[in-house]
Amino acid sequence: MAHFNDPYGRAKSLFAEPVKDVNVSFEFFPPKTEKMEETLWSSIKTLEELNPSFVSVTYGAGGGTRERTHNTVKRILDETSMKPAAHLTCVSATKAEVNAVIQDYWDAGVRSIVALRGDPPEGASHYQPHPDGYANAAELVSGIRSIGDFDISVAAYPEIHPDSPSLAADLDNLKRKIDAGATRAITQFFFEADSYFRFLDHCQSYGINVPIVPGILPVTNFASLKGFAGACGSSIPQWLGDMFEGLDDRPQTRTLVAASIAAEMCRRLYIGGVRDFHFYTLNRAELTYAICHMLGIRGTAAESAL
């Protein structure tokens, strides 16, 4: 991290003092087992201390986790101080079915949705809209807006969505989602700060003027990362692979390296003017908590001790 010297010659980190101008948000996925539920709720309670602006809960391809997503979102709303945002997709559902889910969220008191086209259902090679459903995320955003005054987040791709033929087509699609009523865009994960800043320039040239929040994925398993990245169009720089080489059997070391890499990129983004960060937690709290701490964010327990 960048440093400066105090009068006594001792180096201080750029974020040695708590920051007041940074907002964080976190993504979780609904648990499949009782053990996973315990892990999730331990993570939620830990990260609640950081006072996130919102937390999102993912939604499986084909609506496979619809009930579990709804239950997790409702429990966050009822049992925590955090604002939950429910993921919602267009896949394998009619407009009437999707609208019923949107209305259920509104009736339950949920006021934030992450609107996504969604991935192809398991076994399908490409996305195919339901004949009676929403064709894409822009239509979904418009449908959500017609039901309630939701805060709506949509996806953005600094390195182009795998289904897009070009950067221009990708930006056109994002612009349609914003024009339909989206509040912000959250990016797919990336590992070079310059990728985000170049994308931001492109968005501004297209008249996309909502917040573009960088999505941060702390890497703990490099082998799994290659599969994730291939599916969503994110590139993996050579230096990142080099950093994790030889650490397959050293999980604690991998975690330390992961925290340092993510914190350094957040620092670069902060210096470039970014003040909002969205973390893909993979339902593991400590790594995300450590990165936020290095970014200068202090939990409520730490603040009360000051």
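The crossing of α2 and α3 is right-handed, a term used when the near helix is turned clockwise from the far one by less than a right angle. The model is predicted, so local features need pLDDT of at least 70 and side-chain atom pairs pLDDT 80 or more, whereas totals for chains, interfaces and linings use all residues. Residues are numbered from 1 along each chain as its sequence is written, and side-chain values use heavy atoms, without hydrogens or water.

Helix α2 spans residues 66-79 and helix α3 residues 95-108; their axes come within 11 Å and cross at roughly 15°. The two helices are therefore roughly parallel, the term for angles under 35 degrees. Helices are DSSP runs (H or I, at least four residues) numbered from the N terminus, and axes are lines fitted to C-alpha atoms over the stretch in contact, with angles from 0 to 180 degrees between N-to-C directions.

Contact (heavy atoms within 4.5 Å) involves Arg66, Thr69, His70, Val73, Lys74 and Leu77 of α2, and Val101, Asp104, Tyr105 and Ala108 of α3. These residues divide into 5 nonpolar, 2 polar and 3 charged; Ala, Val, Leu, Ile, Met, Phe, Trp, Tyr, Cys and Pro count as nonpolar, Asp, Glu, Lys and Arg as charged, and the others, Gly among them, as polar.

The model has 2 cavities of 30 Å³ or more. A cavity is a set of points on a 1 Å grid over the protein atoms alone where a 1.4 Å probe fits but cannot get out; lining residues have an atom within 4 Å of a point.

Note on methods: On a 1 Å grid over the protein atoms alone, a cavity is a set of points where a 1.4 Å probe fits but cannot get out, and a pocket is an open set with protein on both sides within 12 Å along at least five of seven lines; lining residues have an atom within 4 Å of a point. Grid points are joined across faces, edges and corners, and a volume is the space filled by probe spheres set on the points. Angles under 35 degrees count as roughly parallel, over 145 as roughly antiparallel, 65 to 115 as roughly perpendicular and the rest as oblique.
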